[in-house]
Amino acid sequence: MTPTDVDADVIVVGAGPGGSAAAYHLAKHGAKVLLLEKTEFPREKVCGDGLTPRAVKQLIDMGVDVSPEAGWLHNKGLRVIGGGVRLELDWPDLASFPDFGLVRTRMDFDDMLAQRAVAAGADLRTGHNVTGPVLDTDGRVVGVEVRTPDGDRTLRSHLVVAADGVSGRFALALGMAKREDRPMGVAVRRYYHSPVKANDDYLESWLELRSREAGAAQLPGYGWIFGLGDGRVNVGLGVLNSSKAYQATNYRTMLTDWIGSTPEEWGLTEANADGKILGAALPMGFNRTPHYTRGMMLVGDSGGMVNPFNGEGIAYAMESGQLAAEVLIQALARPAGPARELALQAYATELKRRFGGYYRVGGIFVKLIGNPQIMKVATKHGMPHPTLMRFVLKLLANLTDPRGGDSMDRIINAMSRVAPAV
């Protein structure tokens with residue numbers, strides 16, 4: 001195709017954090033970008049709403065005002081509860097990442113990022129539901145079929161970024177099913193009005209969930225309570241597919257069972273609920289590959305980029321979106337053909353270099369903590385040791401300086417390097 005044959009240099013499918021990050025960085029570097037979103041903004045998404053410093057860095061890279069005055073609730077670190085211990089761990093002081101996290105609901109978070117992409121020059125079209133790829137005679141993706149408010153259309157581009165989330169419908173249309181040998185999780189969450197917890201300056205993680213019933217039986221999975229700063233909290237829990245309870249649990253019942261055991265003054269009751277209990281899958285550890293093929297890149301959840309250690313997805317969606325844009329800009333500067341294809345292959349190679357070994361270690365971690373006895377022993381013997389837990393925080397949140405850093409950074413970085421990349 002010549003430049004006049006296309007509607008855009010790059011079409012980005014999905015305006016979540018990964019898609020908007022890709023569109024922003026592409027447009028900022030002068031590419032003509034179509035950002036297609038099937039829904040209308042603002043829209044609700046199932047998420048914990050908590051952002052680690054890794055995600056904060058991506059927001060700053062996009063020029064987002066992350067000040068409290070702009071509506072963000074800042075947090076100092078992670079409060080971990082388990083094994084009878086309550087431990088507050090501050091985010092590490094690093095050269096590579098800020099020393100604070102953030103909380104904001106997805107109701108306006110995604111809209112904000114999409115508007116940053118628009119401000120950079122991307123063409124955002126909401127109500128545009130991409131139904132499948134357009135292929136040339138060689139089977140290469142050269143555009144998308146899309147259902148719009150005005151009828152079905154075909155839009156063409158040199159390259160396509162698929163950022164359509166965990167469903168991965170675009171990848172599935174190309175025959176790319178998810179990999180069953182990679183970790184998977186499920187999470188449910190609900191909002192509650194809770195003046196006691198709403199302005200908490202720590203993200204709160206529960207390593208043990210107890211039933212409110214007599215005997216306080218331990219429930220599978222892990223939980224969180226994140227203050228939103230607006231009088232509400234985001235309360236949720238996650239279960240990994242390495243747990244026997246993964247497909248044998250009513251997660252909504254489990255959530256209400258757990259929060260029924262929390263202090264009465266926190267107000268986590270049905271009367272204070274704001275909305276329904278909603279759930280979502282967490283595709284982890286590169287559970288769909290390859291991340292580049294035939295003119296199409298996978299970004300974020302569509303490529304299974306959720307961190308197996310902590311269930312964080314937004315940071316990796318945005319980071320992969322930025323990386324995709326950088327590779328695409330270099331590729332578009334080359335003529336179509338072998339030279340451009342060589343440049344495009346760098347995307348999957350760099351993703352594997354950055355996260356492949358780390359995700360491999362995360363897969364081992366998931367299998368271990370899926371055993372409740374191992375989790376119980378680890379919590380009991382690990383929680384009383386703050387230095388060990390600071391190491392665990394760095395490992396779980398993937399917060400290290402890649403060069404230099406302290407001894408903890410060097411150990412974690414070495415583990416990631418020597419582990420075979422997934």
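## One residue in its surroundings

In this predicted model, N75 lies in strand β4, which covers residues 73-75. N75 has a relative accessible area of 3%, and because buried means under 20% relative accessible area, N75 counts as buried.

The side chain of N75 makes a polar contact with the side chain of W91, at 2.8 Å. When neighbours within four places in sequence are left aside, the residues in contact with N75 include W91 and L51, the run of F100, G101, L102 and V103, and also D201, Y202 and L203.

## Fold and overall dimensions

The secondary structure of the protein chain comes to 11 helices and 20 strands. The radius of gyration of the chain is 21 Å, close to the 22 Å that the globule rule gives for 422 residues, so the chain is as compact as a globular protein of that length. Along its principal axes, the C-alpha trace spans about 70 × 50 × 45 Å.

Among the contacts in the protein chain with a separation of 6 or more, 71% are accounted for by residues 24 or more positions apart.

The chain exposes about 17,800 Å², of which carbon and sulfur atoms supply 53%.

Technical notes:
Residues numbered from 1 in each chain as written. Predicted model: local features only at pLDDT ≥ 70, side-chain atom pairs only at ≥ 80, totals over all residues. Heavy atoms only, no water. Helix = DSSP H or I, 4+ residues; strand = E, 2+ residues; numbered from the N terminus. Rg over C-alpha atoms; globule rule 2.2 N^0.38 Å. Contact = heavy atoms within 4.5 Å. Areas by Shrake-Rupley, 256 points an atom, 1.4 Å probe, with all protein chains shown as cover. Buried < 20%, exposed > 50% of the residue type's maximum accessible area, 1.4 Å probe, protein only. Polar contact = N/O pair within 3.5 Å; in protein donor to acceptor, adjacent residues only side chain to side chain.
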